[in-house]
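Visitor: I am new to this structure and would like to learn how to read it. Could you walk me through some of its features?

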Amino acid sequence: MQWRLHRGIWLGLFVCHNAAALPTVAATVTAAASTLDLDGEGSSETYIVKVADVTFSTDNATGCTLTLSSGDIAKAGGLNIAYKVTSVADGAAAPTSGDFTVPTGTDYTYAISSATSSDRDVYVKYTTRSIQDPGTYSETIHFTVADT
Amino acid sequence: MRFVKYLGVSLCLLASSSAFAATTDSIVMSGTVESTLEVVCTDVAGATTIDFDGGSAETIVQVSDCNASSNDDAGLTLTFNPDASFTGPASDVFAFSVESVTDAAAAPIAGVFPADDADDTWVTSASGSTDADVYIKFTQDATVDPGTYTSNIAVTAADNS
């Protein structure tokens, strides 16, 4: 009976050990993300907007990498509005235009190199057109985290 | 004993909830572009000096200049909806029809006008601005009752998508 008890506990600890190694990511969308200024009514501009707060963590000794997708803000029947993405430390000043170094459509990555947690502010940059088909444009940004 | 047997595994499943924490997440961002659709029509001078009793001929007269614009990629449609006829102080009326043409183009010939009292439309197929000249066609009556005859053409604009 004692052997059976130990077997159950050790089996549980083995499973727990493997499960705890998974990194995690959680993104919270900002209010501004759902009210993007898209112009298209006679004027155009370049915008830099904070769209999410993201927290990611790992217990992997060599850290993990956060990956963010980028692409187009789009609707059926309208021209796409391309955007770039970057991140800054939580609470830091907004990035400038030159900080968006990853091309549209290419994944942006940010890595940490130890077993820890990181909070980042996620920004997008896009340029509107002076004439844009009316309607609602949207886009999903995907967050992925993987141990390194 | 069965409780003891599975205690370890149960505790583990409880404690390892982080195993179900996500390695992926997503957010949706969005924005709206409002339609800029508008139309402005201006009566031309001839619209208020129409010669109704100069004879009995079929007459074609420009009555308005219209400008419309929209950011709709599919363009816009102007609809000209005329009253049934010009009406005056007595029972005499002048039925008329409406036809629109490209800004500054030659006046339309009689054969291209739709039926009296029928709507006329002006359609574009891309975003931007458009100008149209609006003409009417009616038949004069040399013996019509004296007085002022008036009518309206309602103009509406709509995006094509």
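Visitor: Which residue in β2(A) does A27(A) stand opposite?

Guide: Welcome! Please keep in mind that this is a predicted model. A27(A) stands opposite V54(A) in β2(A). The two strands involved, β1(A) and β2(A), the latter covering residues 46-57, pair in the antiparallel sense over six bridges.

Visitor: What is the order of the strands in the open sheet of chain A?

Guide: Five strands make up this sheet, in the order β1-β2-β7-β5-β4, and their pairing is antiparallel. At the edges are β1 (24-29) and β4 (72-73) of chain A, each of which pairs on one side only.

Visitor: How many helices and strands does chain A have?

Guide: Chain A has one helix and eight strands. Reading from the N terminus, the elements follow the pattern α-β-β-β-β-β-β-β-β.

Visitor: How much of chain A is buried?

Guide: Of its 148 residues, 34% are buried. As a general idea, nonpolar side chains tend to be buried together in soluble globular proteins. Here, the largest nonpolar core has 28 residues, and those with the most contacts inside it are V51(A), A52(A), V54(A), I141(A) and M29(B). At least two residues of this core come from each of β1, β2, β3 (64-68), β5 (81-89), β7 (117-127) and β8 (135-147) of chain A, and likewise from β1 (24-33) of chain B. There is also a second, separate core of 19 residues, which includes L76(B), V134(B), Y135(B) and I136(B).

Visitor: Which residues is I141(A) in contact with, leaving aside its neighbours within four places in sequence?

Guide: In chain A they are V51(A), A52(A), L68(A), S69(A) and V85(A), and in chain B they are S26(B), I27(B) and M29(B).

Visitor: Now for the backbone angles. Where is D39(A) found, and what is its phi?

Guide: D39(A) is in the loop between β1 and β2 of chain A. Its phi is positive, about 50°, although D39(A) is not a glycine.

Visitor: Is D39(A) buried or exposed?

Guide: D39(A) counts as buried because it has 21 C-beta neighbours inside 10 Å, and the cut-off for buried is 20 or more.

Visitor: And what about A104(B): is it buried or exposed?

Guide: A104(B) counts as exposed, because it has 8 C-beta neighbours inside 10 Å. A104(B) lies in the loop between β6 (93-102) and β7 (120-123) of chain B. Its phi is near 70°, a positive value in a residue other than glycine.

Notes. Residues are numbered from 1 along each chain as its sequence is written. Chains are lettered from A and ligands numbered from 1 in the order in which they are written. This is a predicted model: local features need pLDDT of at least 70, side-chain atom pairs count only at pLDDT 80 or more; totals for chains, interfaces and linings use all residues. Two strands pair if DSSP finds at least two bridges between them. Helices (H or I, at least four residues) and strands (E, at least two) are DSSP runs, numbered from the N terminus. A residue is buried if 20 or more other C-beta atoms lie within 10 Å of its own, exposed if 12 or fewer, and partly exposed in between; C-beta atoms are placed from the backbone. A nonpolar core is a set of buried Ala, Val, Leu, Ile, Met, Phe, Trp, Tyr and Cys residues joined through C-beta atoms within 7 Å. Two residues are in contact if their C-beta atoms, placed from the backbone, lie within 7 Å.
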